[in-house]
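Here is a walk through a two-chain model, written for someone who has it open on screen. Follow along and turn the view as you read.

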Amino acid sequence: MKFKLRYSEKIVGTFLIAALIIIAASTGYLLLHNKVFEKKFLFKAKFGDAVGLSSSTPVYFRGFKIGVITDYELTEDNYILADFKVYEEFRKKIVKKSALLKSVNPVTSTSTIEFLQGPENFSELAEGSMIPAIDIPEGEILLAKNMVKKTGDPLSTVIYNLAAFSENINKDNNVDKGAFFRALVNMADAAEGMKKITDNLNIDIESISKPDKYGRRPMASLVVNAAQISDSLRVMTGLVNHSLMRLDTVITAYSQPEGLVAKMIDPDGKQIIEPIRKTISNLNDVLPKLEKFSEFLVTQQGQFVIILKQLVETLDEVQVTFETINNGPLIGKPKSERKK
Amino acid sequence: MQQISFALGRQTLLLYRKSISVFSFVLEIIYELKNFFLQRKITRLILIRQILFTGFEALGLIAFVAVAVGGIIILEGSAILPGFGQSKLLYTILVTVILRELGGLLTAFIIIARSGTAIAAELGNMVVNQEVESLVSFGISPILYLVVPRVLGVVLSMIALNIYFNIAALAGGWFMAYLFAPIPIPDFLYKLFSEISVSDITSSFIKSLFFGFIIAVVSSYQGLQVNFASTEVPQRTIKAVVLSLSWVIIVDILITAIMYLV
């Protein structure tokens, strides 16, 4: 403290002078940065509206501040005519067929003005000339002829593009006028139709899921029956296979009949044995086909079971899906009726 | 009904008398400022010590708070703004919050807490110890000798501290921005100064001028309002703090509104 009191004058002097230097330096830098002392060239700018404009709205060209919009007024033809002051070092950038893009930032409601340079890079625009914004007919023509290209704040550009799209699609000379709304109406109709279908399906599913007067559930019964059929089919194909094997043995035995009974009944074999042999021979020809059919049935049994299983799973999923759709906010039941 | 109207009338008269008292106190300070510069040798030491105490000794605390606030603004802004493509607003927010509002307000709050209370307590104790009466008996104006140097000291300290606060907060902001995405100081300054306008600096200066004046006047007035008992001192100190805070916020709103209207 003694040290401070002894040098208090010096400390306080330094404390105040340093603050003074900082503020003087900052103000000086700010004035230089804002090009207050730089020569400016006056142009006129024409906008469709004054939204976001202020008395010192900066104008940028490729990220550089090339000038400011100062005073602005409403003209007789309901456009905004503003003074556009361009700094000396950027004077040459102001060429013919250039335009301005004013985009209002939806977050801050401040506007950013972008200078869109025309194609004639060396044809300087005379001082005092008018530069149109692209939201007025003159600017729209430049844009349509691709003489200037739009750039700017990403969010504002998206909104501007959406606005332009909406405006263009609703123009009287546009054959697609109202297409967007028609699509919306169609979508609404489709949604309504889908709601009806899902409602009906839901009712059907509910009725299927409900037990009948005997306490049986049709859906469950169907699945059980299908399983029983599958099982019976498997047993049946097994039996068919077994019978076919026996038949094969019999046919083999009867194709060469050498027994006593055969000799007694039909010694030359032409009355009984031959016709039987022929029949059995024909039957023998059919056997491979029967065998193949049997094999086919055996192989298809697995497929059939899988299909039945898949059918059961699909029906479960369908039930869940319809439940979800039914509870969904778009076309489902009212909130009060949804399942908790 | 009669009692209510009586109470209302009494309060109105009391408020009127207080307003007159404060107004004449402020006018006397302004009048004595001229004499202060004429007789500056007598009160220069008080002024220097006041600046030393209110300004220089508070520099560390001010710098700490400022760096933290600047860093927090960048930290919060970096987390939120890029989400909707508005990273460039970081500098606008930094300038708006620090230069226009928080710089002046936080500096004022710190000065109220440190110096406002000290001035009120010191002057209150001087009244209790009859030091103020002694000055009057010697023909020395207590306003000229005690109040004017304090008012000048607090105003100058407030202005200087506000400048340091702004610089420290912007430095804190740069430091935090550098941690997220290394950005050279010239680039940072270029973007920052693109957002600063002369009106921001003017607004900041005017606010610190008024805040300093309010804090010093309210604290001195409350200190001198102590009558005899030492128990009055803390009461008046609390009142000085509450009134200073209230008036600083009211004046801040008024200046901000005027700056936006202009």
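This is a predicted model: local features need pLDDT of at least 70, side-chain atom pairs count only at pLDDT 80 or more; totals for chains, interfaces and linings use all residues.

Let's begin with helix H8 of chain B, which covers residues 198–224. Is H8(B) mostly covered or mostly open? It is mostly covered, with 19 of the 27 residues buried.

**The rest of chain B**

Chain B has 9 helices and 0 strands. Read from the N terminus, its elements run α-α-α-α-α-α-α-α-α. Of its 262 residues, 45% count as buried. Take the contacts in chain B between residues at least 6 apart in sequence: 84% of them join residues at least 24 apart.

In one, B:Asp252 pairs with B:Lys207, with the closest N and O atoms 3.0 Å apart. B:Asp252 sits in helix H9 (residues 232–261) and B:Lys207 in helix H8, so the pair ties together parts of chain B that are 45 residues apart in sequence. Both B:Asp252 and B:Lys207 are buried.

The other joins the side chains of B:Glu57 and B:Arg114, at 3.9 Å from N to O. Here B:Glu57 comes from the loop between H2 and helix H3 (59–80) of chain B, while B:Arg114 belongs to helix H4 (residues 89–128), so the parts tied together are 57 residues apart in sequence. B:Glu57 counts as partly exposed at 25% relative accessibility, and B:Arg114 is partly exposed too, with a relative accessible area of 23%.

**Where the chains meet**

How many residues does each chain bring to the contact? Chain A gives 27 and chain B gives 28. About 2500 Å² is buried between chain A and chain B, and carbon and sulfur atoms account for 75% of that area. On the chain A side, A:Phe15, A:Leu30 and A:His33 supply 25% of the area that chain A buries against chain B, more than any other three residues.

The polar side of the story is brief. Between chain A and chain B there are 5 residue pairs in polar contact, counting pairs with both residues at pLDDT 80 or more. On the side of chain A that touches chain B, the elements giving two or more residues are helix H1 (2–6) and helix H2 (8–33) of chain A. H2(A) gives the largest share, 17 residues. By type, the residues on that side of chain A divide into 15 nonpolar, 9 polar and 3 charged.

B:Arg44 is partly exposed, with a relative accessible area of 41%, and A:Glu9 is partly exposed at 43%.

| Salt bridge | N to O distance |
|---|---|
| B:Asp252 and B:Lys207 | 3.0 Å |
| B:Glu57 and B:Arg114 | 3.9 Å |

**Elsewhere in chain A**

Chain A also has a network of salt bridges, linking A:Lys46, A:Asp77 and A:Glu138.

For a residue in a strand, look at A:Thr70, which lies in strand S3 (residues 64–74) of chain A. Why does A:Thr70 count as buried? Its relative accessible area is 12%, and buried means under 20%. Leaving aside neighbours within four places in sequence, A:Thr70 is in contact with A:Ser54, A:Ser55, A:Asp83 and A:Lys85.

**Two positive phi values**

Most residues other than glycine have a negative phi. A:Lys97 has a positive phi near 60°. A:Lys97 is in the loop between strand S4 (80–87) and strand S5 (99–104) of chain A, where it counts as partly exposed at 37% relative accessibility. In chain B, B:Gln130 has a positive phi of about 60° although it is not a glycine. B:Gln130 lies in the loop between H4 and helix H5 (131–137) of chain B, and at 46% relative accessibility B:Gln130 counts as partly exposed.

Notes:
Residues are numbered from 1 along each chain as its sequence is written. Chains are lettered from A and ligands numbered from 1 in the order in which they are written. Side-chain values use heavy atoms; hydrogens and water are left out. Contact means heavy atoms within 4.5 Å. Buried area is the accessible area (1.4 Å probe) that two parts lose on being put together, summed over both. A polar contact is a pair of N or O atoms within 3.5 Å; within protein, one must be able to donate a hydrogen and the other to accept it, and residues adjacent in sequence count only if both atoms are side-chain atoms. Helices (H or I, at least four residues) and strands (E, at least two) are DSSP runs, numbered from the N terminus. Ala, Val, Leu, Ile, Met, Phe, Trp, Tyr, Cys and Pro count as nonpolar, Asp, Glu, Lys and Arg as charged, and the others, Gly among them, as polar. The expected span of a helix is 1.5 Å times one less than its number of residues. Buried means under 20% relative accessible area, exposed over 50%, partly exposed in between (1.4 Å probe, protein chains only). A salt bridge is a side-chain nitrogen of Lys or Arg within 4 Å of a carboxyl oxygen of Asp or Glu.
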